[in-house]
Amino acid sequence: MTSSVRAVAAREAYIQQVLFDSEEAPKHTILVVEDDVLIRHHIADQLRLAGFGAIEADNADEALTILIAKTHIDLVITDIRLPGDTNGADLIRWIRRRAPEIKTVVVSAYLDPYWDLPVDAVFTKPIRIDALLRRLRELLPPAEQAGPNGR
Amino acid sequence: VKKEIPFESVPTILVVEDDVLIRMPIASYLRECGYRVVEAADADEALTVLAVNEIQISVVFAAAELTGSMDGFSLCQWVHKNLPGTKTVLAGTPKRAADIAGELCEEGSQAAKPYASELVEDLIRRLLATRTDTS
């Protein structure tokens, strides 16, 4: 390996590390998909305060863009009703098919037509953050924490 | 050095950018610099956030071009007129956005700049390339 190739590889590794696992200890990253900016911000902020990494998407298309960009994601929290061509149920089916290692949690006011969605947990709005955090810690136990190269 | 200041008293930056592959790394970088960051995907979301008294925005950091009812220029004009204490910055390109984020990091003094803004620019370019690859 030439030194310039090594330099590029080191830079790549550094970018991965600083942007997706920036704390000393690698942390789990959760993608929050919600079109109400205040609810999205509230959930994402609470996740960050609880020690998770949180990435925010305004709709399912943004979420898919992030997932396709191969950003390291451990779990997706999504609403069902979302603006655009893709709703939260479509997003969950895509994840099950294309990235089955990613855990999924639904937070929605409207669940009845989607009772059979293959998700790890379901919460109805208005959401109780403490209950959500408890479930997330069960789904993402600290012992299993791993960086982008660790799974 | 980080986390010594109570979370509620950390200056808050509202990042308004409709491309998630630019918004995400910029917001992440500013958080690493010690800021609290609210993300808005368009001007309407930004106005929703600005209307909430409990969220005190110090800086509105907007992309010049935005989809929706209002672009970044108009949003910044609105902020100047209606919230004169709030600083506004406009970014026309991803490179400029990364540069501005770097400047805000240096002004912030909440924490040392975690890494150079060139790395943010580099990351944005790579993220945007994934979209071209798959479309």
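Two strands count as paired if DSSP finds at least two bridges between them, and the strands (E, at least two residues) and helices (H or I, at least four) are themselves DSSP runs numbered from the N terminus. In this predicted model, local features need pLDDT of at least 70 and side-chain atom pairs count only at pLDDT 80 or more, while totals for chains, interfaces and linings use all residues. Residues are numbered from 1 along each chain as its sequence is written, chains are lettered from A and ligands numbered from 1 in the order in which they are written, and side-chain values use heavy atoms, leaving out hydrogens and water.

Under these rules, strand β3 (residues 57-63) of chain B and β4(B) are parallel partners, joined over five bridges. Within this pair, Ala63(B) lies opposite Ala91(B) of β4(B). Both strands belong to an open, parallel-paired sheet of four strands in chain B, with the order β2-β1-β3-β4. Because β2 (36-40) and β4 (87-91) of chain B are at the edges with a single partner strand each, one side of each has no neighbour in the sheet. On average, neighbouring strands are turned by 20 degrees against each other, direction ignored; the axes are lines fitted to C-alpha atoms, for helices over the stretch in contact, and angles run from 0 to 180 degrees between N-to-C directions.

As for the cysteines, a disulfide is a pair of cysteine sulfur atoms within 2.5 Å, and the count over all chains is one. This disulfide joins Cys33(B) to Cys105(B), with an S to S distance of 1.7 Å. The torsion about its S-S bond is about 80 degrees, so the disulfide is right-handed. It links distant parts of the chain, 72 residues apart: Cys33(B) is in the loop between α1 and β2 of chain B, and Cys105(B) in helix α4 (residues 94-108) of chain B. Cys76(B) is in no disulfide, and the nearest cysteine sulfur, that of Cys105(B), is 19 Å away.

Buried here means under 20% relative accessible area, exposed over 50% and partly exposed in between (1.4 Å probe, protein chains only). Cys33(B) is buried at 1%, Cys105(B) at 2% and Cys76(B) at 5%.
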